[in-house]
Amino acid sequence: MSSPGKRTRAALLAMGDEVLRGEVANTNAAFISERLFEIGIEVGEQLVVSDDPTDIRTALTRLRPTFDVVICTGGLGPTEDDLTVDVVAYLLGVDAPAPPRSRHALEHLSPPPGLGQPPPPPRA
């Protein structure tokens, strides 16, 4: 963990069986790492684990004491196999929040200001 005058250190934790199988590229890692570097945060580790709650819990338990912040991607969708919120709530000793009431609300969220979005694909 960082002390006064030292850079903040972060770990990136991606969750998803589809990433481990190679079906989906972990493009979030490069995007987030670049943005963190731009604001002076050092990324010390990138890790990908399965959607299994035990794997998620093990990774978070290992990363948290070493890094100032752990950023999670994947495993946060509106499907029943996305259990990240439940695992984090368990580790914090709190109840998991109720699932979103509207898929429409999730689909129409905009990224926070300053994060930007990937450029649209080129037109053919």
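A cavity is a set of grid points where a 1.4 Å probe fits but cannot get out. In this predicted model, the count comes to 1 cavity of 30 Å³ or more. The largest cavity holds about 50 Å³ of space.

The residues lining the largest cavity are Leu12, Leu13, Ala14, Asn26, Ala29, Ile32, Gln46, Leu47, Val48, Ile71 and Thr73. Two or more lining residues come from each of S1, H2, strand S2 (42-49) and strand S3 (69-73). Classified by side chain, the lining comprises 8 nonpolar and 3 polar residues, with no charged residues.

## Nonpolar cores

The largest nonpolar core has 11 residues: Ala11, Leu13, Met15, Val49, Ile56, Ala59, Leu60, Leu63, Phe67, Val70 and Val87. Strand S1 (9-15) and helix H3 (53-63) each contribute at least two residues to this core, and H3 provides the largest share, with 4 residues.

Another core, of 6 residues, lies apart from it and includes Leu12, Ala29, Ile32 and Ile41.

Serine 33 is located in helix H2 (residues 27-38). Serine 33 counts as buried because its relative accessibility is 15%, and buried means under 20%.

Leaving aside residues up to four places away in sequence, serine 33 touches Leu12, Val43 and Gln46. With glutamine 46, serine 33 forms a side-chain to side-chain polar contact at 2.9 Å.

Terms used
Residues numbered from 1 in each chain as written. Predicted model: local features only at pLDDT ≥ 70, side-chain atom pairs only at ≥ 80, totals over all residues. Heavy atoms only, no water. Buried < 20%, exposed > 50% of the residue type's maximum accessible area, 1.4 Å probe, protein only. Polar contact = N/O pair within 3.5 Å; in protein donor to acceptor, adjacent residues only side chain to side chain. Contact = heavy atoms within 4.5 Å. Core = buried A, V, L, I, M, F, W, Y, C linked by side-chain atoms within 4.5 Å. 1 Å grid on protein atoms, 1.4 Å probe; cavity = no way out; pocket = protein on both sides within 12 Å on 5 of 7 lines; lining within 4 Å. Points joined across faces, edges and corners; volume = space filled by probe spheres on them. Nonpolar A, V, L, I, M, F, W, Y, C, P; charged D, E, K, R; others polar.
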